[in-house]
Amino acid sequence: MELTLADFVFFVIVGSFVLVPVFAIISRTLHRREENRALANRVICRLCLRAFEDIGHTKVVICSTCGALNERGRSRRLG
Ligand SMILES: [Zn+2]
């Protein structure tokens, strides 16, 4: 099979229409995964409102600024 210039240009255009969305989906997926990982490790102190990152797996995290005990994740409890 002989490849003409018109066929080559057609394949390049079709290939770019396929590859750009694939790379965009991969990039967004990786970005979303990294963002969720960062949000899972983020703790906001309930007293001084300092946001810090804690990579431990304990449920209660001690604030390094004021020493208050904070629950990891979204806590609906008051006080
Ligand atoms: Zn604090």
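A68 sits in the loop between β3 and β4. Helices (H or I, at least four residues) and strands (E, at least two) are DSSP runs, numbered from the N terminus. The model is predicted: local features need pLDDT of at least 70, side-chain atom pairs count only at pLDDT 80 or more, and totals for chains, interfaces and linings use all residues. Residue numbers start from 1 along each chain as its sequence is written.

A68 is partly exposed because 13 C-beta neighbours fall inside 10 Å. Burial is assigned from C-beta atoms placed from the backbone: a residue is buried if 20 or more others lie within 10 Å of its own, exposed if 12 or fewer, and partly exposed in between. With neighbours within four places in sequence left aside, A68 is in contact with C45, R46, L47 and C63. Contact requires that the C-beta atoms of two residues, placed from the backbone, lie within 7 Å. A68 and V18 are 50 residues apart along the chain, and their C-alpha atoms are separated by 52 Å.

The protein chain contains one helix and four strands. Along the sequence, the pattern is α-β-β-β-β. The radius of gyration is 24 Å, well over the 12 Å that the globule rule gives for 79 residues, so the protein chain is more spread out than a compact globule. This radius is taken over C-alpha atoms, and the globule rule is 2.2 Å times the number of residues to the power 0.38. Taken along the principal axes, the C-alpha atoms fill a box of roughly 75 × 20 × 20 Å. Of the 79 residues in the protein chain, 1% are buried. Among contacts between residues at least 6 apart in sequence, 11% join residues at least 24 apart.

Helix α1 covers residues 5–41, a run of 37 residues. From first C-alpha to last, α1 reaches 54 Å, close to the 54 Å expected at 1.5 Å a residue. The expected span is 1.5 Å times one less than the number of residues in the helix. The number of buried residues in α1 is zero, so the helix lies largely in the open. A40 belongs to helix α1. A40 counts as exposed because it has 11 C-beta neighbours inside 10 Å. The C-alpha atoms of A40 and D54 are separated by 9.1 Å, with the two residues 14 apart along the chain.

Two further loop residues were examined. L49 is placed in the loop between β1 (42–44) and β2 (51–53). Its phi is near 60°, a positive value in a residue other than glycine. Most residues other than glycine have a negative phi. L49 is exposed, with 10 other C-beta atoms within 10 Å. H57 lies in the loop between β2 and β3 (60–62). With 6 C-beta neighbours inside 10 Å, H57 is also exposed. H57 and T29 are 28 residues apart along the chain, and 25 Å separates their C-alpha atoms.

E71 is part of strand β4 (residues 69–71). E71 is partly exposed because it has 13 C-beta neighbours inside 10 Å. Neighbours within four places in sequence aside, E71 is in contact with K59 and V60. E71 and V12 are 59 residues apart in sequence and 54 Å apart in space, C-alpha to C-alpha.
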